[in-house]
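Reader: I'd like to learn how to read packing features from a set of coordinates. Could you walk me through some, one at a time?

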Amino acid sequence: MIRNKFETLFNNIDLMGVRECFQPVKKEYAKGENITISLPGNNNIGIITGGTVYLVTINCDGQRRILEYYTNGDIIGQELLPGFENKVFYFFAKSACTIEFIKYNKLITPCKNNCSKHIALIDEFMRKQDEKQIIHLDILMQKSVRDKLITFFEYLSAKKGTAKFTVPLPFTDLADYLSVDRSAMMRELTKMNNDNIIISNKRKITLLKELKE
């Protein structure tokens, strides 16, 4: 799988000599700690090597909105966000996290040797970011709560390569991520169990229906 290929590539970064190109700075964060406030001039991006991170914004009513979640091998950073002057985005650690920070210009600019390993990392970083945005947009574009849940579950199933998987977000956060009411979402999950679409045990899901073509 592409994800496994990327994680192997990053986990072996010392052996390949790519770390010398990036010179990352490793930092650890406690659960609930803010990681990056997206302010102008912040040129760092972070590679998550452990834990879960949320990208959050606050709407006009003061309500939190989860725009994206990131796990091992994903990247976060100001340079990957839209440049709205009056809109604040921030990252915080949903769990204890380990993140390695590098300069964005080091990521997008190959070293003087134009090494293929560096270029492979650039390509993979960019692909992963585009993929996450498209997946979330596809989920949000579904019209019903059920369709949003099924679409999300299908992506998780395809990513894991199995019909059995664990939802990576607590249900309260999942409702926020799907942009639906939590009570309505929980009712729909019960109906999906009754309709033999899924079997759920808390956050452990078995998808019974074949993936949509």
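Author: Gladly! Let's begin with Tyr70, which is buried, with a relative accessible area of 4%. Keep in mind that this is a predicted model.

Reader: Which ring does Tyr70 form an aromatic pair with, and how do I read the geometry?

Author: The general idea comes first. A pair of aromatic rings is described by the distance of the centres and the angle of the planes. Here the partner of Tyr70 is Phe91, and the two centres are 6.0 Å apart. Their planes make an angle of 65 degrees, and the pair counts as edge-to-face because the angle is over 60. Phe91 is buried too, with a relative accessible area of 1%.

Reader: What does the pair of Tyr70 and Phe91 tie together?

Author: Tyr70 belongs to strand β5 and Phe91 to strand β7, so the pair joins parts that are 21 residues apart in sequence.

Reader: Now the nonpolar cores, please. Which residues have the most contacts inside the largest one?

Author: As background, nonpolar side chains tend to be buried together in soluble globular proteins. In this model the largest nonpolar core has 28 residues, and those with the most contacts inside it are Phe152, Phe153, Leu174, Tyr177 and Leu178. At least two residues come from each of β4, β5, β7, α6, α7, α8 and β11. There is also a second, separate core of 13 residues, which includes Tyr70, Phe91, Ala93 and Phe101.

Reader: What does Leu174 contact, leaving aside neighbours within four places in sequence?

Author: With those neighbours set aside, Leu174 is in contact with Leu149, Phe152, Val167, Leu169 and Met185. Asp173 lies in helix α7. Is Asp173 buried or exposed? Asp173 is buried, with a relative accessible area of 4%. Not counting residues up to four places away, Asp173 touches Tyr54, Arg64, Ile66 and Lys94.

Reader: And for a residue that is partly exposed, what should I look at?

Author: Take Ile58 in strand β4. Ile58 has a relative accessible area of 37%, so it is partly exposed, falling between the 20% and 50% cut-offs. Beyond four places in sequence, the contacts of Ile58 are Gln63, Arg64, Lys87, Val88 and Tyr90. Ile58 and Tyr90 are 32 residues apart along the chain, and their C-alpha atoms are separated by 9.4 Å.

Reader: Finally, helix packing. At what angle do α6 and α8 pack?

Author: The angle between α6 and α8 is about 70 degrees, with the axes 9 Å apart. That makes α6 roughly perpendicular to α8. On the α6 side, the residues that meet α8 are Val145, Arg146, Leu149, Ile150 and Phe153. Facing them, α8 brings Ala184, Met185, Glu188, Leu189, Lys191 and Met192.

Definitions and conventions: Residues are numbered from 1 along each chain as its sequence is written. This is a predicted model: local features need pLDDT of at least 70, side-chain atom pairs count only at pLDDT 80 or more; totals for chains, interfaces and linings use all residues. Side-chain values use heavy atoms; hydrogens and water are left out. Helices (H or I, at least four residues) and strands (E, at least two) are DSSP runs, numbered from the N terminus. Buried means under 20% relative accessible area, exposed over 50%, partly exposed in between (1.4 Å probe, protein chains only). Contact means heavy atoms within 4.5 Å. A nonpolar core is a set of buried Ala, Val, Leu, Ile, Met, Phe, Trp, Tyr and Cys residues joined through side-chain atoms within 4.5 Å. Rings of Phe, Tyr and Trp (its six-membered ring) pair if their centres lie within 6.5 Å; planes under 30 degrees apart count as stacked, over 60 as edge-to-face and the rest as tilted. Axes are lines fitted to C-alpha atoms, for helices over the stretch in contact, and angles run from 0 to 180 degrees between N-to-C directions. Angles under 35 degrees count as roughly parallel, over 145 as roughly antiparallel, 65 to 115 as roughly perpendicular and the rest as oblique.
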